[in-house]
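Q: I am new to this one. Please walk me through it, a piece at a time.

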Amino acid sequence: MTDRIENDVDIDGKNQCQKFMCILTYGCQMNENDSERFAGQLKTAGYQFTDKLDQADLIIINTCCVRESAEKKIYGKIGELKKLKAVNPNLLIGIAGCMAQKDQEKIFKKASHIDFIIGTHNVHKLAELIAEVENKKEKVLAVWEQAEQMAPDVPTVHKGQVSAYVPIMYGCNNFCTYCIVPYVRGRERSRSVEDILREINQLAADGFKEVTLLGQNVNSYGKDKQETQGFARLLEAVDRSSAVERIRYMTSHPRDMNDAVIDVISQSTKICEHFHLPIQSGSDKILEKMNRGYSTEYYLSLMKKIREAVPNASITTDIIVGFPGETEELFLETIQLLKEIRFDAAYTFIYSQRSGTPAAAMPGQVPLAEKKARLQRLMTMQNDISLDINQSLQGQTLEVLVEGPSKNDETRWMGRTRTNKIVLWDKKGTEKVGQLLPVYIVNAQTWLLKGQLLS
Ligand code: SAH
Ligand code: SF4
Ligand code: F3S
């Protein structure tokens, strides 16, 4: 079942028995989707949305712990909620997501105003959990150590009206040595093709134009059921039988990006020409220590294959700087490789020690100041490349899926190209959310394009 997040209800008209929920989401798309599943369950239980914390009867913070900086920010936010509880003792506050899975009851110790903690494997149990908190009038910890083979589907309220996330699998088996995700999201579990198609067709019937198939490593789809070409077959099935106009997927591991998947993408008209393939480092020595399972030579051959098969594709990546043992010389190998590959965009991160992961105990930890300096150098270089690539699009007409008014300026509207670039244009008044329209690109910036709507 799918539904849309409706406009916030007029708070002034708040009826006495009407309950309001506010969900704050940190982290990746998987968390965004979990929040949509929380929202679906709460809506069924009679809650309405609000984005005003001080109007809420229930606040859920859906957390991320991929880097220390994310955790610090979230603990800061949790602390801020204490004063709301002082004003409204009936307010319920819950902590969900990856930090909840990792820290569990430690969160109660750090923040006594928290009422419940719900782990990443219990998302579908939210409504029951809230009823338990209300009935028992005591704190509840609901963190399963392991996932049920496949959690049952629950109602989902999607954010937006045009593009929706559809989880195809949960968990990760890769254990990259820096990464906490496999510890907090469990082993890989694939949803059935039928369930995925049913959800996508419902979304199409509800007016959604685009879906993003979600998983920590979508190329592993089906491997837990001994299907070696599971992702290629799933893409084919979604492409053939669904009524949406655009299909995206996130994230794919370079090691598992195979010819069958590239073939399906190159022959499809709905699967967008955007590849996000996190390379993480341009040094073979570091890639090995990261347990990524590929070499730079392999990655370059993959780029060649993709560019031959899908000539207009945009390619983006993730990079970690300052992994243990990364010397200046090895860092320069990353800079060199990025110059050679010329990614459309790179999401760059400072390596963060995550306790319990192998890399946290490796020798050769890089001082923070050095990590920051490397990040800056990398970003400066990559920004020039991104700008240069975007400038080559000036004068072209690109198909854009209209998402609506830009956040900061209602006179500007925004949409995305098939290659996942953001395009802004001056509102014409004739455009409608969800339309596919041609935009003439006038001006390019590092992270976005500006254009004129042609129809
Ligand atoms: N499953 C996805 C991404 C998961 S996390 C994938 O493998 O591509 C998103 C990004 O966060 C990763 O690609 C990596 O670049 C970064 N990341 C993960 N752990 C990190 C850590 N300990 N420190 C810094 N960045 C990290
Ligand atoms: Fe983390 Fe690696 Fe799994 Fe991505 S593939 S979630 S980086 S362990
Ligand atoms: Fe963060 Fe969990 Fe996603 S740690 S990046 S929210 S899987």
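**Helices, ligands and some backbone**

A: To begin with a pair of helices, α10 and α12 are roughly parallel to each other. Angles under 35 degrees count as roughly parallel, over 145 as roughly antiparallel, 65 to 115 as roughly perpendicular and the rest as oblique. Helices (H or I, at least four residues) and strands (E, at least two) are DSSP runs, numbered from the N terminus.

Q: Before we go on, what kind of model is this?
A: The model is predicted: local features need pLDDT of at least 70, side-chain atom pairs count only at pLDDT 80 or more, and totals for chains, interfaces and linings use all residues. Residues are numbered from 1 along each chain as its sequence is written, chains are lettered from A and ligands numbered from 1 in the order in which they are written, and side-chain values use heavy atoms, with hydrogens and water left out.

Q: OK, back to the pair. At what angle do α10 and α12 pack?
A: The angle is about 25°, and the axes of α10 (residues 259-267) and α12 are 10 Å apart. Axes are lines fitted to C-alpha atoms, for helices over the stretch in contact, and angles run from 0 to 180 degrees between N-to-C directions.

Q: How do α12 and α13 cross?
A: The axes of α12 (residues 296-309) and α13 (residues 328-341) come within 12 Å and cross at roughly 15°. That angle makes α12 roughly parallel to α13. On the α12 side the contact is made by T296, Y299, L300, M303 and R307, and on the α13 side by L337, E340 and I341. Those residues divide into 5 nonpolar, 1 polar and 2 charged.

Q: And α1 with α6, at what angle do they cross?
A: Roughly 60°, and the axes of α1 (residues 29-44) and α6 (residues 126-136) come within 9 Å. α1 and α6 are therefore oblique to each other. F38, Q41 and L42 in α1 meet L126, A127 and I130 in α6. The residues of this contact divide into 5 nonpolar, 1 polar and no charged.

Q: Switching to ligands. How many residues surround ligand 1?
A: 15 residues do, and the closest are Y178, Q216, Q280, D318 and S352. To be counted here, a residue needs one of its heavy atoms within 4 Å.

Q: What does Q280 do there, in terms of distance?
A: A polar side-chain atom of Q280 lies 2.7 Å from an oxygen atom of ligand 1. A nitrogen atom of ligand 1 is 2.9 Å from a polar backbone atom of Q216. An oxygen atom of the ligand is 3.1 Å from an N or O atom in the side chain of R67.

Q: What surrounds ligand 2?
A: C172, N174, F175, C176, Y178, C179, V181, P182, Q216, H253 and R292. By class, that shell has 7 nonpolar, 3 polar and 1 charged residues.

Q: And ligand 3, what surrounds that?
A: G27, C28, N31, C64, C65, V66, C98, R185 and Q216. They divide into 5 nonpolar, 3 polar and 1 charged.

Q: Now the backbone. Where is the cis peptide bond?
A: The cis bond joins M250 and T251, with omega about -15°. M250 is found in strand β13, while T251 is in the loop between β13 (246-250) and α10.

Q: What is M250 in contact with?
A: Leaving aside neighbours within four places in sequence, M250 is in contact with Q29, T212, L213, L214, G215, V218 and H276.

Q: Which residue has a positive phi although it is not a glycine?
A: N291, at about 60°. N291 lies in the loop between α11 (284-290) and α12. Most residues other than glycine have a negative phi, and most peptide bonds are trans.

Key:
Contact means heavy atoms within 4.5 Å. Ala, Val, Leu, Ile, Met, Phe, Trp, Tyr, Cys and Pro count as nonpolar, Asp, Glu, Lys and Arg as charged, and the others, Gly among them, as polar. A polar contact is a pair of N or O atoms within 3.5 Å; within protein, one must be able to donate a hydrogen and the other to accept it, and residues adjacent in sequence count only if both atoms are side-chain atoms.
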